[in-house]
Amino acid sequence: MYKLKHAVWEITLSCNIHCLHCGSNADINKRPKELSTEEALGLIEQLADLGCQRVVLSGGEPFMRKDWSVLAHRIVTLGMSCHYISNGYIVNDEILDVMEQIGTKYIGFSLDGSNAKTHDHIRGKEGVFDHLMWVFDRMKQRGFQVGVVSTLHKGNLHELEGIKKVLLDHAVDVWQIQTANVRGRMPREWAISDKDYYSVAEFIAKNRPRYKDILTITEADCTGYFSKLTPYMGMKHWNGCNAGMSVIGIESDGGIKGCLSMQDKKYIEGNIREQSLREIWENPNNFKYNRRFKLEDLQGICQTCKYGGICRGGCSEKAETYTGKLHCQPFCLYDMEKNGKV
């Protein structure tokens, strides 16, 4: 039996900015037929019943949903931790006041440039960078934890060092570095190369130990695997994609996926308006790309890899986005090192 530990929940697809690399194509409009407050609260009860430990509220922009605080309060009341992923543009003291009352004091913000010119261009709106710097400082003054997620591509890869300086200057606590996928509004010409990808891993391996006491630098699941750099990246032993194994993604209309980043509708395993979350989670025919994995499922460079049975082809989202198949993550550090690609 698989134990659900974490849920990433797109509580609304509505967003107040228009990012050039948004994989969800989010804009000011909601997804049709988003869950009502009553339905969302019922889903939270079901998450708790399944033993879920952490719920991440995302979007779109989660703070665009008027009842976000009602949902967060119920999550915390039922013993789960609640985190947020936000672009930060509408975060203010009023929102921080409510978070403090609920008992949630961590937000992960998107920061994709070291200055207003780059970040605001990528985010499609002027003033986002400057307001985010104010939010960082205000949150630290009030005793909150601040996290940053940087999504890298050809448009900002050259600014890694600059972004690091910004985060250190503003006493940010956690920095997750990930690479963008070519989907949604992401321009294909922004896709990174093998050498770019490896340089990101080298950056993490070099800087994580150096700044470990003041800034926790982490990689996303799309970075790996089994590389000589791994011990220096803080990466735990990779046992394959966790989508549908211990993690789920929830769309704002109640659709359930193993991973919210897997955009194709074929990865929706059910909807909580038609089935209970337990029925979807415990259905033996769901999430079978991971739960029923066989060595024969490996594709591409992963077919002959000695780690194939453990790794299961790396990140499902990255594999599907770049190859149209699963179990064949094209950006593999081990493969790059073994076959002299870097």
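Why does Ser246 count as buried? The first point below takes up this residue.

1. At 13% relative accessibility, Ser246 counts as buried, the term meaning under 20% relative accessible area, with exposed over 50% and partly exposed in between (1.4 Å probe, protein chains only). Ser246 lies in the loop that runs between α8 (230–233) and β8 (247–250). Helices (H or I, at least four residues) and strands (E, at least two) are DSSP runs, numbered from the N terminus. With neighbours within four places in sequence left aside, Ser246 has contacts to Lys3, Leu4, Lys5, His6 and Trp281, contact being heavy atoms within 4.5 Å.

2. On the basis of the note: the model is predicted, local features need pLDDT of at least 70, side-chain atom pairs count only at pLDDT 80 or more, and totals for chains, interfaces and linings use all residues. Residues are numbered from 1 along each chain as its sequence is written, and side-chain values use heavy atoms, with hydrogens and water left out.

3. Rings of Phe, Tyr and Trp (its six-membered ring) pair if their centres lie within 6.5 Å; planes under 30 degrees apart are stacked, over 60 edge-to-face, and the rest tilted. The count by this rule is eleven aromatic pairs. One of them joins Trp68 and Tyr84 edge-to-face, at 5.8 Å centre to centre and 85 degrees between the planes. This pair links distant parts of the chain, 16 residues apart: Trp68 belongs to helix α2 (residues 68–77) and Tyr84 to strand β3 (residues 81–86). Both Trp68 and Tyr84 are buried. Ring pairs also bring Phe63 into a cluster with Trp68 and Tyr84.

4. Two charges sit over rings, a term requiring NZ of Lys or CZ of Arg within 6 Å of the ring centre and within 35 degrees of the ring normal. Lys105 lies over the face of Phe144, 5.0 Å from the ring centre. The charged end of Arg291 is placed over the ring of Trp281, at 4.6 Å from its centre.

5. Strand β6 (residues 174–179) pairs in the parallel sense with strand β5 (residues 145–152) over six bridges and with strand β7 (residues 216–219) over four; pairing requires at least two DSSP bridges between two strands. Thr151 has Gln178 of β6 as its bridge partner, and Trp175 has Ile217 of β7.

6. In a regular strand the side chains alternate between the two faces of the sheet.
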